[in-house]
Amino acid sequence: MGFGQTDKILHFSAGSAVSGLTYELTKKDKNAVLYSIAAGTIAGIAKETYDINRTGFDNKDIAATIAGSITFNLIRYAITKAKTHRKPKRFHSKMYE
């Protein structure tokens, strides 16, 4: 795996981490998901702005960071939904047979 691919994985991971932290800090707010994705997006843009005179501005790095933010929220949603939609176990008793 070349440096370019590793760099995208790092951006994806950073987007996930920033979104996860932001979601945890704002989860009681109805806009927590929006804040979470926005924070990941802002972090990606800030990092590329910082890198503009070093390695150049890379839109693909921003895309990888945003993808990490969105992926975190999709996985969190899927896990949360799965937990809340489980059927309760039914206990059968001979008394009702």
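## K27 and E24

K27 is partly exposed, with a relative accessible area of 44% in this predicted model. The side chain of K27 meets that of E24 in a salt bridge, with 2.9 Å from N to O. E24 also counts as partly exposed, at 46% relative accessibility.

R76 belongs to helix α3, which covers residues 59–84.

What lies over the face of Y23? It is R76, at 4.1 Å from the ring centre. Leaving aside neighbours within four places in sequence, R76 is in contact with Y23 and V33. As for pairs between aromatic rings, a search of the whole structure finds zero.

## The chain as a whole

The protein chain holds three helices and zero strands. Read along the sequence, its pattern is α-α-α. Helix α1 spans residues 3–26, helix α2 spans residues 32–51, and helix α3 spans residues 59–84.

The protein chain has 97 residues, of which 24% count as buried. Its accessible surface comes to about 7600 Å², and 64% of that surface belongs to carbon and sulfur atoms. Considering contacts between residues at least 6 apart in sequence, 61% join residues at least 24 apart.

## Two residues of helix α1

Helix α1 contains both H11 and L21. Is H11 buried or exposed? H11 has a relative accessible area of 6%, so H11 is buried. Not counting residues up to four places away in sequence, H11 touches K47, E48, D61, A64 and T65. Of these, K47 lies in helix α2.

L21 has a relative accessibility of 53% and therefore counts as exposed, the cut-off being over 50%. L21 and G40 are 19 residues apart in sequence, and their C-alpha atoms are 9.9 Å apart in space.

## Other salt bridges

The count of salt bridges comes to five. One of them joins the side chains of K47 and D51, at 2.4 Å from N to O. K47 and D51 both lie in helix α2, four residues apart, which is about one turn of the helix. K47 is partly exposed, with a relative accessible area of 37%, whereas D51 is buried, at 8%.

Salt bridges that share partners also join D7, K8, D58 and D61 into one network. D7 is buried, with a relative accessible area of 16%. K8 has a relative accessible area of 22%, so K8 is partly exposed. D61, another member of the network, is also one of the residues that H11 touches.

Technical notes:
Residues numbered from 1 in each chain as written. Predicted model: local features only at pLDDT ≥ 70, side-chain atom pairs only at ≥ 80, totals over all residues. Heavy atoms only, no water. Buried < 20%, exposed > 50% of the residue type's maximum accessible area, 1.4 Å probe, protein only. Contact = heavy atoms within 4.5 Å. Areas by Shrake-Rupley, 256 points an atom, 1.4 Å probe, with all protein chains shown as cover. Phe/Tyr/Trp six-rings, centres within 6.5 Å; stacked < 30°, edge-to-face > 60°. Lys NZ or Arg CZ within 6 Å of the ring centre and 35° of its normal. Salt bridge = Lys/Arg side-chain N within 4 Å of Asp/Glu carboxyl O.
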